[in-house]
Amino acid sequence: MFDALGMGAMSGVIEPFLEGVVSGTATTLAASAGAFAIGLGLGIVLLLARISPFAPLRSLVVLWVSLIRGTPALIHMLIAYYMVPAMFDISISPVTAGVAALACNTSAYIVEILRGALGTISYGQRCAAYAMGMRGAQVWRHVLLPQVIYRAIPPLTSEFTILLKASSLMSIIAVPELATVARNATLQTDLPLQVFAITAAVYFVLLFCISAASRVCERRVSRMLPHGH
């Protein structure tokens with residue numbers, strides 16, 4: 001395949017790109033993992049607000065979810081990098097802006113995933129915990145939240161694969177992730193077919209491994225939670 005693509009003859013020209021693939025892949029994975037961790041934390045906070053007894057708080061979460069899910073992630077990226085620094089007169093690095101935009105984007109999806117998982121837990125467990133003398137925070141910490149996270153592992157893993165693919169949008173603000181490395185390499189080598197073929201292969205391997213891990217998690221959760229989704 002590589003010979004057909006001219007990789008043998010072009011290996012010397014394309015070598016700088018191959019060296020950049022490693023750092024670009026590391027940046028992609030690190031930014032995606034960081035954004036997902038922040039998004040998960042934000043999603044938990046949004047979940048608590050979404051089910052709170054205060055109607056204005058619930059409405060704000062619904063508005064947040066609707067706005068984020070109703071607009072492209074690319075727009076979030078541009079807002080985080082260009083508008084936010086201008087509005088608050090601060091300086092934000094491309095990586096910080098990219099991670100923040102991805103975290104906000106994924107939080108809108110994670111909160112709905114967690115809300116769905118919460119709906120599979122019987123209300124009796126909460127009543128039993130209160131009957132044992134637990135306070136609200138203890139009920140969430142020891143009873144509800146562990147089960148919510150556990151039941152949401154398969155869809156959360158799927159959300160991470162979507163986030164990782166969306167991380168390529170960070171190339172628009174010059175974050176040195178995999179897509180940026182590929183774009184720069186095409187300008188330097190004039191070998192777009194070879195460069196993007198390798199880039200696509202790297203993305204495929206990453207997503208294949210994550211999807212395989214997701215399937216393993218889903219099977220284990222299904223066995224341990226026969227009545228869960």
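Predicted model: local features only at pLDDT ≥ 70, side-chain atom pairs only at ≥ 80, totals over all residues.
Is D89 buried or exposed? D89 has a relative accessibility of 72%, so the residue counts as exposed, the cut-off being over 50%.

**Stop 1**

Look at the backbone: phi of D89 is near 55°, a positive value, and the residue is not a glycine.

Now select S93. The loop between helix 3 and helix 4 holds S93 too. S93 has 34% relative accessibility, so this residue counts as partly exposed.

**Stop 1**

Next, select A174. Find A174 in the loop between helix 7 (153-166) and helix 8 (178-189). Phi of A174 is near 65°, another positive value in a residue other than glycine.

**Stop 2: the largest pocket**

Show the surface and turn to the largest pocket. Its volume is about 320 Å³. The lining has 15 residues, and those closest to the pocket centre are W64, I68, H76, I79 and C104.

Then colour the helices. Helix 2 (55-69), helix 3 (73-88) and helix 4 (94-118) each give the lining at least two residues.

What is the make-up of the lining: nonpolar, polar or charged? Colour the lining residues by type to see. The largest pocket is lined by 12 nonpolar and 3 polar residues, with no charged ones.

Terms used
Residues numbered from 1 in each chain as written. Heavy atoms only, no water. 1 Å grid on protein atoms, 1.4 Å probe; cavity = no way out; pocket = protein on both sides within 12 Å on 5 of 7 lines; lining within 4 Å. Points joined across faces, edges and corners; volume = space filled by probe spheres on them. Helix = DSSP H or I, 4+ residues; strand = E, 2+ residues; numbered from the N terminus. Nonpolar A, V, L, I, M, F, W, Y, C, P; charged D, E, K, R; others polar. Buried < 20%, exposed > 50% of the residue type's maximum accessible area, 1.4 Å probe, protein only.
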